[in-house]
Amino acid sequence: MESISPRQQNWISAIILIAAVLIFWWRIAFVGLIPCIDDPTHLYENYLSIIPALQLSRDMLLHAQIPLWSPYSQGGMILFADPQYTIAYPLALLLYLLGTAAHFNALILLHFLIGGISVYFLSRKLKVSPAAALCSSFIYIFSFPAIFSIFVANAIWPWQWLPLLLVLAMYYLDTGEKIYCHLLALIWAMQMFIYVQSTFIMAFCFFPFMIFYASGWLCPERNTRRIRVRLLSLCVAIVIGTLMASVFLFPLWEYSTHCSYGQFSYKEATIYSISPSRTFDFFLSASESIHAGSDWALIFYMGVVGIYFFILALFHRHGRNVVIFFGVLILYAVMMSLGAQGPLYYYFYYYFPGAKSFHAPYRFLWLFPISFSLIAGFGLDSLLHAASRKRAALAACMPVGLLIVAVVGKHIGFGFSLVSVETLNALIPLSLVTVACVLAYVAGVFGRRTLVAILLCLIFIESYRYQDRLVYIDYSKKYVAPASVDFLRTHAGPYRFFSLNNENYCYPYHILENDGIPMLYPELSNHFQIYDVQARGPLHIDRYDRLIRAMNGDRGGVMEQGFYMDEIRNYRSRMIDLFGVKYILSKGPISAPDALLYDPHGETTVKKGGPVDIRLGKPVRTERIILKSYLEMASGIGQGETVAIVTLWSGDGKIAEYPLRAGINTAEGMDLNDPLRKAFVKHGKVEEWSSWEELLAEGKRPSRSFYKTALDLSPGAVFDRMEIRYIHDKGLLHFTQVYSRPEDFRQIAGELKRRFLPVFSDESYGLILYENRDVLPRAFLVSNVEVAPNAQAALERIMDGSFNVAEAIILEEAPPASFTPDGNGGAGKGSVSIALYTPNRIEMRASVPANRFLFISDIYYPGWETLIDGLKTKTYRADYAFRAVYLPAGEHTIVMRFRPRSVIAGGAVSLLAFMVIAVGLIIELRKRSHAGTGVQ
């Protein structure tokens with residue numbers, strides 16, 4: 001490529017990159033399929049969560065509505081300011097016209113191209129040859145993390161903007177042309193709309209890089225005159241770029257003050273950390289049979305070619321300062337990703353501004369791919385420009401040491417193993433081919449262009465091997481509405497529903513790919529535009545979370561990686577009537593829920609010789625105990641062998657003793673994907689009470705399964721203590737929650753039978769749709785008000801069984817002086833009808849016989865304003881988390897509309913900042929035009 005002009009080299013490189021991306025993602029580019037990770041437990045990220053939200057936003061825009069609010073989950077939730085969905089991302093807005101599937105796929109392709117081309121120009125500015133720069137781009141966009149993180153779209157997109165920001169900063173520092181400064185402000189603002197935490201991390205690369213580059217340390221031959229003024233201009237551009245994102249940042253800040261996602265304790269902030277033992281995975285474990293699951297962020301394998309030239313760069317002086325800078329950045333990213341298990345994150349958390357609102361140390365690994373690929377480019381460049389063939393041959397053999405260490409660690413032992421057999425089977429041939437090609441080049445068998453072409457092919461081929469880990473979904477077929485959706489669309493109206501599986505969870509987070517749509521995962525309600533009361537993850541309005549927690553009572557909440565997952569587990573609660581939940585979509589028949597006796601919020605391990613004693617604190621009368629457990633290292637235990645004993649005590653007296661038998665009450669639950677281990681397991685799975693997590697699609701099994709067993713007690717048995725003792729010589733037992741059948745089981749069953757009427761059945765999926773006969777209207781009038789002194793008092797009162805939620809409401813401030821409570825309903829209750837219900841606007845008609853409060857079971861949130869007969873009136877927070885307005889007697893038209901001041905104020909700041917940059921760009925372009933005319 002050196003025999004042609006630099007402009008031609010750039011064009012050729014860009015064309016090669018575009019062609020490679022289109023070929024690699026041909027199913028996206030030419031067939032329109034949506035890619036997902038082949039992992040049934042985490043398919044929600046794209047097609048069950050992000051795409052439905054984008055679909056809703058597109059529909060709202062086409063109906064001339066701004067996608068600010070979604071009424072389709074949690075009783076109403078903020079949509080615009082939720083970074084999980086990237087609704088406000090400017091590129092997403094531009095591509096909505098293409099249709100949901102096309103625009104999502106176009107975003108994937110566009111960002112790969114932005115990242116790849118930017119890395120190419122970044123390498124060129126760092127004085128890397130065109131051939132090596134092209135290799136760096138291939139390593140970057142065809143690396144394991146890039147391909148495997150597409151299923152979390154808002155995690156990959158920031159990566160692709162970082163190299164472009166660095167390029168623009170370098171061009172401005174070199175030339176002083178302000179057009180690059182203005183473009184940098186625009187790009188900085190645009191990427192902030194994706195995920196604010198990504199900007200937080202990118203700053204740890206951008207600002208040090210800018211300072212070292214401006215000082216001339218990264219490129220010593222640079223002219224560094226007037227550098228202070230240019231650095232100041234770049235900082236101003238960053239500030240203006242941040243202000244341009246105010247239309248998103250202001251609502252996000254407001255949202256953060258009302259949702260569960262706030263400042264974290266140190267323990268919470270470091271939950272998503274990397275174990276020191278996993279740091280080798282960054283290089284060597286990508287070929288293992290891993291699921292995307294919790295490991296997708298831990299695996300940062302960059303490919304054989306990348307590893308080879310990365311190591312080569314460490315032993316060469318070419319681009320030494322750049323290699324040192326990005327090498328230190330890699331070490332810093334890895335050290336920070338260790339979280340509480342490393343020395344740096346503690347100081348970051350306690351002393352860096354804003355760090356307490358930052359979640360998940362492993363996100364610092366976003367700095368890893370760009371640093372690694374740039375260093376690898378310098379390694380290849382050092383080989384291509386080696387002055388001595390002998391020295392080049394010696395350097396070319398150095399990275400082979402990595403392969404030797406891996407082989408020794410795996411096959412000779414010494415108590416450690418860096419890579420799996422499958423990984424070695426991939427690394428060995430690819431490494432040998434790479435070394436052979438490099439030695440052939442050094443020996444003069446072929447030239448630079450041939451070597452680079454072979455290396456590009458190797459990078460592409462190795463990446464393409466991972467296509468078998470992806471599944472491609474036909475959007476038009478995947479989102480076909482199941483029969484239950486058709487029923488709800490026809491019968492539910494504005495009433496809500498939720499999904500309940502056979503574990504009495506409202507939705508399985510270990511989701512099955514072939515069951516995700518029929519069971520109606522919460523975010524799918526956005527797609528089908530039906531009203532779900534459920535949600536997922538930590539980004540919820542805080543009072544909603546607390547209300548659900550209180551509803552669940554002794555059943556507790558679901559803790560996942562430190563976050564409360566707000567599933568309604570107590571479907572007997574009166575709150576589901578207040579929420580307007582008219583339908584429950586159940587996996588199998590609804591039955592009386594079991595009472596939770598013991599929940600360690602994790603696992604308890606029982607080994608031989610050490611029984612676990614569980615003191616319940618009060619006598620329990622029950623007919624049945626249900627225990628969730630699994631065995632570990634129990635290979636060789638035969639079917640039916642007794643492995644543990646469960647003993648029940650009342651005071652000091654033993655009342656019953658029950659055996660736990662392998663394959664009947666519990667079973668091996670660890671690593672049965674490993675064929676070597678599976679061959680030694682003589683006992684089968686538990687025949688009944690197997691948990692939801694075990695029922696995986698297509699016969700696949702997870703790395704761990706829990707098994708449930710029911711222990712039937714004699715009638716009238718009362719106990720206050722349990723003892724679980726492991727007695728077998730092999731293995732050990734893990735157990736978690738212990739449930740009991742409530743004493744009033746039959747009474748509860750009768751109540752459920754009266755309250756919930758089966759109205760629809762989908763036998764193909766084993767689903768039953770129940771109608772709640774006690775549901776309250778979505779909006780109704782009340783004549784009585786109680787005033788709580790504070791929020792906690794309001795929550796306690798609303799959960800008090802003596803409080804009549806249908807006749808009164810609880811406020812946290814005094815009602816108007818003109819309101820007079822009427823315990824008997826006075827002149828009648830009146831009537832309310834919903835005339836219009838859209839995401840950002842609700843219209844109601846009310847006939848009010850006397851002064852009343854209108855209650856609506858939508859979540860209270862700043863920005864909702866109420867107009868009565870065209871006049872603005874106060875919106876009250878009612879029943880802890882909902883809305884209410886005061887209505888005088890008469891006929892009224894009530895309008896509730898969502899007009900958040902945060903969006904208006906943020907939009908004004910964004911517009912002003914954008915105008916400043918737009919004017920600057922116009923001036924710079926006019927200068928360029930005049931300069932071009934003068935030259936001619």
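## Helices and a sheet: worked exercises

Helix α29 (residues 745–755) lies across β19 and β20, running at about 65° to β19. This is a predicted model, in which local features need pLDDT of at least 70, side-chain atom pairs count only at pLDDT 80 or more, and totals for chains, interfaces and linings use all residues. Residues are numbered from 1 along each chain as its sequence is written, and side-chain values use heavy atoms, leaving out hydrogens and water.

**Exercise 1.** Find how α6 and α18 pack.

*Solution.* Start with the elements: helices (H or I, at least four residues) and strands (E, at least two) are DSSP runs, numbered from the N terminus. Next, take the angle: α6 (residues 130–141) and α18 (residues 368–384) pack at about 150°, with axes 8 Å apart. Axes are lines fitted to C-alpha atoms, for helices over the stretch in contact, and angles run from 0 to 180 degrees between N-to-C directions. That angle makes α6 roughly antiparallel to α18 (under 35 degrees is roughly parallel, over 145 roughly antiparallel, 65 to 115 roughly perpendicular, the rest oblique).

**Exercise 2.** Work out the strand order of the open sheet and its edge strands.

*Solution.* Follow the order of the five strands, β6-β5-β9-β20-β19, with mixed pairing. Two strands pair if DSSP finds at least two bridges between them. Now look at the ends: β6 (531–532) and β19 (756–762) are the edge strands, each pairing on one side only. Arg496 has Tyr531 in β6 as its bridge partner.

Note on methods: Contact = heavy atoms within 4.5 Å.
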